[in-house]
Amino acid sequence: MSRLRRMSPRRSYDQYCSVARALDAVGDRWTLLIVRELLAGPRRYTDLHADLPGVSTDVLASRLKDMERDGLASRRRLPPPGAASVYELTGQGRRLLPVLQALGEWGAPELGERRATDAVRAHWFALPLLRGLDAVGGGVGGAGIVEVRLEEGEFHLYVGAEDGPVYGAGPAPEEPDARLSMDTGTCAAIGRGDVGVLDAVRDGRIEVTGEGTLAKALREA
C-alpha cells in the first residue's frame, strides 16, 4: 500500500488558475504547517512529528514525500556524528514564507483565548513576532538575531534574513543582537495585531536586553 501511495499521481483541481495550482501543491492538510516547521531550518522526522501534535506518522511521511516530489523540500543525510536524515526547504519552499505570514495575519483574530485542547510550542509565535520585528529592523534596526524568552520556552529569530532559516527553537546559536522577555499573552497580542512591538516595549510589556543595533533601536524608538 505504501508503494502504491508513493506511485499515485498528485490530486489536482484541474483548473487553469494560479491559486488552484498552488493549492494542488500545498492545499493538503498539514502541508503548510510542515513548511512552518521547516522554516526553522533542517529538521529530523522525529522532531517534526513531535512539533506537529495530532499528525499521524503515515500522514507526515506521505506529506514529506509529496513535498519532495513537488520541489518544496529535500532530504539529506547529515555527516557523522549526526548521521541522521533531515528535511529542509528548497528555495521554492522558502518562498512560502510570505504566504504563511499573510495566513497568520488573516487568522490572528481567531486566536482569542487559548482553548483547553490547544497544544502550544514557543516557536509557533516566531512568525507573527518576526513580522513585527521586520518592520522595526527595516526602519531603524537593520538585520540581526533576536532571542525570545516566554514561559513556554525560548526561540530565536533572524530578522531581515534573506536566505536560510528564519527562526529556530531554543536559545540563539551565538550572541544575539537583542534578547526579548515577555509573557505569552503579550506575544499573542502582537500576533493578533492588538499591540505593536515598539508599543509593548514602551509599556514595559517586553524587556529588552543586549547591546546590538536591534536592541538599541527597540529601546530608543
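Select Asp 51 together with its surroundings: leaving aside neighbours within four places in sequence, Asp 51 is in contact (heavy atoms within 4.5 Å) with Arg 36, Glu 37, Arg 43, Arg 121, His 123 and Trp 124. The model is predicted, so local features need pLDDT of at least 70 and side-chain atom pairs count only at pLDDT 80 or more, whereas totals for chains, interfaces and linings use all residues. Residues are numbered from 1 along each chain as its sequence is written, and side-chain values use heavy atoms, with hydrogens and water left out.

Asp 51 sits in the loop between helix 4 (45–50) and helix 5 (57–69); helices (H or I, at least four residues) and strands (E, at least two) are DSSP runs, numbered from the N terminus. At a relative accessible area of 13%, Asp 51 is buried; buried means under 20%, exposed over 50%, and partly exposed in between (1.4 Å probe, protein chains only).

Next, display the charged side chains. Arg 36, Glu 37, Arg 43, Asp 51 and Arg 121 are linked in a network of salt bridges, a salt bridge being a side-chain nitrogen of Lys or Arg within 4 Å of a carboxyl oxygen of Asp or Glu. The closest N and O atoms of Asp 51 and Arg 43 are 2.7 Å apart, and Arg 43 is buried at 12%. For Arg 121 and Asp 51 the corresponding separation is 3.1 Å. Arg 121 lies in the loop between helix 7 (97–107) and helix 8 (126–141), and Asp 51 in the loop between helix 4 and helix 5, so this pair ties together parts that are 70 residues apart in sequence. Arg 121 is partly exposed, at 24%.

Move to helix 3 (residues 31–38), where 6 of the 8 residues are buried. Among them are Arg 36 and Glu 37, whose side chains meet in a salt bridge (2.9 Å, N to O). The relative accessible area is 0% for Glu 37 and 15% for Arg 36.

Now select the open sheet of 5 strands, which has the order 6-5-4-7-8 with mixed pairing; two strands pair if DSSP finds at least two bridges between them. Strand 6 (167–169) and strand 8 (207–209) stand at the edges, each with a single partner strand, so one side of each lacks a neighbour in the sheet. Within the sheet, strand 4 (residues 144–150) and strand 7 (residues 178–181) pair in the parallel sense over 4 bridges. To locate this pairing, select Val 146, whose bridge partner in strand 7 is Ala 178.
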